[in-house]
Amino acid sequence: MTNQAANQGIGQAVRRKEDFRFLTGQGHYTDDINRPGQLYAAFLRSPHAFAKIKSIDTTAASKKPGVVAIYTGKDVAADKVGGLICGWTVKDKKGEPHKAPRHDIIAVEYVRHVGDQVAVVIADTVAHAKDAVEAIQVDYEVLKPVVDVREAVKPGAPQVHPDVPGNLCYDWEFGDKAATEKAFASAAHITKLELVNNRLSPNPMEPRSAIGEYDPGTDTTTVYTTSQNPHVLRLILCAFVFGLPEHKVRVIAPDVGGGFGSKIFNYPEETVCVWAARKLKKPIKWTSDRTEAFLTDAHGRDHVTHAELALDKDGKFLGLRVDTMANMGAYLSTFASAVPTYLYALLLAGQYTTPAIYAEVKAIFTNTTPVDAYRGAGRPEATYVVERLVEAAAREMNIDPAEIRRRNFIPPTAFPYQTPVACVYDSGNYAKALDEACRLADYANFPKRKAEAARKGKLRGIGLCAYIEACGLAPSSVVGSLGAGVGLWESAQIRFNATGTVFVYTGAHSHGQGHETTFAQIVSDKLGVPLENIEVVHGDTAQVPMGMGTYGSRSLAVGGSAIVRAADKIIEKGKKIAAHLMEASVDDVTYDKGVFSIKGTDKQVPMAQVAFTAYVPHNYPPDLEPGLEASAFYDPSNFTFPAGVHIAEVEIDSDTGVTTIVNWVAVDDFGKVINPMIVEGQVHGGIAQGIGQALLEGVVYDQESGQLLTASFLDYCMPRADNLPSYKIGMIETPCPHNPLGVKGCGEAGAIAAPAALMNAITDALGTEKIDMPATPLKVWQVIQSHNFAAAAE
Amino acid sequence: MYAFNYHRPSSLDDAAKLLSSASDGKFLAGGQTLLPTLKQRLASPSDVIDLTGIPQLSGITVSGSAVTIGATTRHAAVAASAEVKKAIPALAKLASGIGDPQVRNMGTLGGSIANNDPAADYPAAVLGLCATVHTNKRTIAADDFFTGMFETALEEGEIVTKVEFPIPKRAGYVKFPNPASRYVMVGAFVAETADGIRVAINGAGPCVFRHTEMEAALAKNFSPDALKGIRTDPAGMNNDIHASAEYRAHLVGVMARRAVEAALG
């Protein structure tokens, strides 16, 4: 390895290559892009949660300055544009496919949530487009909406879609019902909880944006958009929405300022931009404002769950049963169906040996913004159910919450471990993580701190969460058998230039994760090339041959593995070139960190010389092709299963209900770590989002009108720096046995672990399980009032 | 944002004339409420008249008995003023906690009290300190200035020029911020002034108000304990997703006690 590359490889906390352009304002986001002759789209959005469109009058609006065109749902329908699709078909208890009602890119007859698209204005400026939007007259027949799943399933509830009786998208089950019932029948103790997993708004810093452009000369459509998975978007737009050939559509997702899942999906607005651009033969740009983001970015979570844990007299888990209603919103978003099913129920074993598990999930349509994957996607919901139950059971049975977990952990010797809910856990050491977390949290001395806090009139609590997640999505054959419409491999291409610099093309997409650094570190490590000589290219279907994108903490485990495979191919070819240069047999060539050598000699050829020779092949093996590049696809053989333990400690001011997080410990097992600094950053960000869910954030709809009450940051409470503690981060490492890097994925862990840990701490402090997220000062105070703590504190 | 005519007069007379000649004119001070409203297309004034170009509206003067702050003085200037910190530390502290640094570097005292947002900070200081509001036409006592939610005694075209805060014997301000917006959800400004004890409560109701029961209790015994047992009626308190009327009424007591503690140092 060259000296420059020595401290840049796997395991090094290298500073992020991409940060210079981000921190100096030189990032290149979709809204920064402007195309010649570009026009602007603005949408008229429904002010009603549910209404029939009786008529739309665009006469006055079309006379407004700068207006080029106004389109309604009827115009789109006349062009026979397909509706938006759901890419994962879930089959219900009877084996019937889920109900996926038509999702028009502009509403035709009904609007089904506040913010639904009613019309689009195309104009020469954004201001002119918005002026004209305000001049469109719509006659609505306002209908009574339903926003809460508990109301939506009642007889006589408003019907969101005429072809979905009872608003039931599917009634699904998983696990062994009979075995679970048997386990409960034999239980010494049963713990029961009613849990609400609050609806969240993703709020990436960069709002969604898109430009549709059509070149009649080449019959090529280009889409610039804020996407986490440009190739998948191309596939959906081509194969399902427009019926266009994939080779005539290019999707570019340039720098993207955060996604958290919300930019996985195919949305109406980008689709309208493409459709209108092809119609008008002009580039058309739309950029969401923050209000539109609140109204239309796919929300996350929104579960109502009844859960029960059966235990024997010693606190061993015998069975778990879960009954969940999941709010799908008004339409079935791109991967919405999979989130409360395969990404949820399959994780209900947690870190434990619970032998019998049964889950029922009803997915329900309501007059709300569609719900889909949001950082963690199903796994935070599963972890929340399991870890709230475990903690509550420990309290009820008077067993220490750490001890009850130890009694039920899957032991390190049991891997690979087959759970009763389909997963085969790859590796782990759960007790080790718990021990380390308890040490960092000074768990043993918590009672002293609680007593000290009580002397100051404060309520102190501690909460644990031992989470597991399934990441590295995932074996194509497995997800296919579960209803996925796509494969979940990843591709990579490594291309040397003659001067020894390298392009790495990845189908993963970086929107904050630091792939340009982490992936370059892998290549640097494998091929001995200094980091600054490696360019990671992503986010353009015309440059990157194929890809499946970034979500489900998959980029490193799947995309990184593809890069390793491509690097191996480079090395194999390099050996042939090196053997020729050193006049030796290829079988005698060894390779280590950028240097080819001959066993037992001092003959050496560096990678750079091999690359140069490959492109200037004057002295070259006669049967070998010139050039040094390799492509690889990687389809994993299993999910990866990152796991860990978080411990939260809080103090509650009983006068005000304010919860202060006084300590936070996270001990995670992500397998091998490529860049510890980036991993730690991901952990910090994930915990911040998890704390946001537990303490601060929550989408609120008015139950009567269906209006979104949290439509701005004035009312939707995002975590701020002063809401967050300093974190004590620990790592343990059990490498993933089935991918070449031994990596598991780290992007979602914090958001999965944090809510349960924090709520367990708050319920410990309050002495009751009856409080739902977000545990705002108001709710905490109300609980304190009902327990009459206030009098004690005065 | 809709199009409008922008003016930046250099005298009060010119500002008043511009407003009276406009079909629907609006004064602009720090713009911390008006500009977001314009950006969201929730207002469409014909003319926006920027008052920050009028020199005599800005500045802080401190005498032996009063702190006088010009209407377009930025919150950050008040927060950073050594003289204000010395004369009325509670006022400097209040200014230092308004919004965030961006807001404090743009927002103004005059804009805040003329807007009279129930969740604004400054009205509590004006009422709690028994300040006098000076306008281009007259002076208005604090007790007469704040008349209702977003309503004041200001007449059409009347411009706040400065506010004169009598220096109290002691004062304290504590607020409970709305978790999301960080505006005041419940605040209490408690002062021992030449006119007696004053307790001004902001954020809790539609308009800043004096809590006379607390004032009477503190007049007898200026200590947090004096407020124990005083219940604030939830009727008339604001009620939203962040705080019920009952919770706000409860917080009035907590914030007032803490404000007394702050006043006592």
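Which side chain does A:Asp442 meet in a salt bridge? I looked, and the partner is A:Arg449, at 3.1 Å from N to O. My rule for a salt bridge is a side-chain nitrogen of Lys or Arg within 4 Å of a carboxyl oxygen of Asp or Glu.

**Ground rules**

I am working on a predicted model, where local features need pLDDT of at least 70 and side-chain atom pairs count only at pLDDT 80 or more, while totals for chains, interfaces and linings use all residues. Residues are numbered from 1 along each chain as its sequence is written, chains are lettered from A and ligands numbered from 1 in the order in which they are written, and side-chain values use heavy atoms, with hydrogens and water left out.

Over all chains, my count by the rule came to 59 salt bridges.

I then went to A:Arg45, which pairs with A:Glu269, their closest N and O atoms being 2.9 Å apart. A:Arg45 sits in strand E1 (residues 39–45) and A:Glu269 in helix H9 (residues 268–280), both of chain A, so this pair ties together parts 224 residues apart in sequence. I use buried for under 20% relative accessible area, exposed for over 50%, and partly exposed for in between (1.4 Å probe, protein chains only).

Next I checked A:Asp79, which has a salt bridge to A:Lys279 with the closest N and O atoms 3.0 Å apart. This one also links distant parts of the chain, 200 residues apart: A:Asp79 is in the loop between helix H4 (73–78) and strand E4 (110–111), and A:Lys279 is in helix H9 of chain A. A:Asp79 has a relative accessible area of 36%, so I log it as partly exposed. A:Lys279 is partly exposed too, with a relative accessible area of 36%.

Back at A:Asp442, I read a relative accessible area of 34%, so that residue is partly exposed. I also found one network, in which salt bridges that share partners join A:Glu387, A:Arg388, A:Glu391, A:Arg395, A:Arg405 and A:Glu769.

**Where A meets B**

The contact (heavy atoms within 4.5 Å) takes 25 residues from chain A and 23 residues from chain B. I get about 1900 Å² of area buried between the two chains, 52% of it from carbon and sulfur atoms. That is the accessible area (1.4 Å probe) the two parts lose on being put together, summed over both.

How many salt bridges are there between chain A and chain B? I count five. The one I opened up joins A:Asp655 and B:Arg258, at 3.7 Å from N to O. On the chain A side, helix H5 (126–135) and helix H21 (777–787) each supply at least two residues of the part touching chain B. I sorted that side of chain A into eleven nonpolar, five polar and nine charged residues.

**A stop in chain B**

I picked B:Val78, in helix H3 (residues 75–80) of chain B. B:Val78 has 0% relative accessibility, so I log it as buried. Leaving out residues up to four places away in sequence, I find B:Val78 touching several others, among them B:Ile60, B:Leu91 and B:Tyr122. Its C-alpha atom is separated by 13 Å from that of B:Ala125, 47 residues apart along the chain.

Notes
Helix = DSSP H or I, 4+ residues; strand = E, 2+ residues; numbered from the N terminus. Nonpolar A, V, L, I, M, F, W, Y, C, P; charged D, E, K, R; others polar.
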